[in-house]
Amino acid sequence: MPPSSILIVGGSGGLGSALVKHYAETIGNSHVYATIRGQPKPGQFPSGINMITDVDVSKKDCGDKVVAGLGGKQVDVVVYVSGILKGEVCSDTQMPIAVA
């Protein structure tokens, strides 16, 4: 059963981009959130995807940018297909954390 919403960290790389497109088709564009390091190129992603731009996982503020980009929405699944997460732990953000 697919999730009802998903966040893909590293959505512009090969695997991340494929996941964004797959889940856009599976659960609908408005339920897919994707982070990218810069700005999307025209036509790079299906319209309606929730893009969280300028997220560089090597920077300390990346967690805060993701939380702000989610705008208070919760996601069912987070897929991390980006670089190495350095200098930050999830407890440093205001993001509620639940482990099932």
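Trainee: Which residues on the two sides of β1 are buried?

Mentor: Start with the general idea: in a regular strand the side chains alternate between the two faces of the sheet. Here, Ile6 and Ile8 on one side of β1 and Leu7 and Val9 on the other are all buried, so both faces are covered (buried means under 20% relative accessible area, exposed over 50%, partly exposed in between, with a 1.4 Å probe and protein chains only). Keep in mind that this is a predicted model, where local features need pLDDT of at least 70, side-chain atom pairs count only at pLDDT 80 or more, and totals for chains, interfaces and linings use all residues. Residues are numbered from 1 along each chain as its sequence is written, and side-chain values use heavy atoms, with hydrogens and water left out.

Trainee: In what order do the strands form the sheet?

Mentor: Strands (E, at least two residues) and helices (H or I, at least four) are DSSP runs numbered from the N terminus, and two strands pair if DSSP finds at least two bridges between them. In this model, four strands make an open, parallel sheet in the order β3-β2-β1-β4. At the edges are β3 (50-52) and β4 (77-80), each pairing on one side only.

Trainee: How many bridges join β1 to β2 and to β4?

Mentor: Four bridges link β1 to β2, and four link β1 (residues 6-9) to β4. Take Leu7: its bridge partner in β2 is Tyr33, and in β4 Leu7 stands opposite Val78. Ile6 has Val77 as its bridge partner in β4.

Trainee: Which strands does helix α1 touch?

Mentor: Contact means heavy atoms within 4.5 Å. Helix α1 (residues 14-27) packs on the sheet and touches β1, β2 (32-35) and β4. Within α1 you will find Ser17, which is buried, with a relative accessible area of 12%. Not counting residues up to four places away in sequence, Ser17 touches Gly11, Ser12 and Phe45.

Trainee: Which residues make up the largest nonpolar core?

Mentor: A nonpolar core is a set of buried Ala, Val, Leu, Ile, Met, Phe, Trp, Tyr and Cys residues joined through side-chain atoms within 4.5 Å. The largest one has 12 residues, among them Ile6, Ile8, Val20, Val32, Ala34, Phe45 and Ile49. Its largest share, five residues, comes from α1. Leaving aside neighbours within four places in sequence, Val20 is in contact with Ile8, Gly11, Val32, Ala34, Phe45 and Ile49. A second, separate core has nine residues, including Leu7, Cys62, Val66 and Leu70.

Conventions. Axes are lines fitted to C-alpha atoms, for helices over the stretch in contact, and angles run from 0 to 180 degrees between N-to-C directions.
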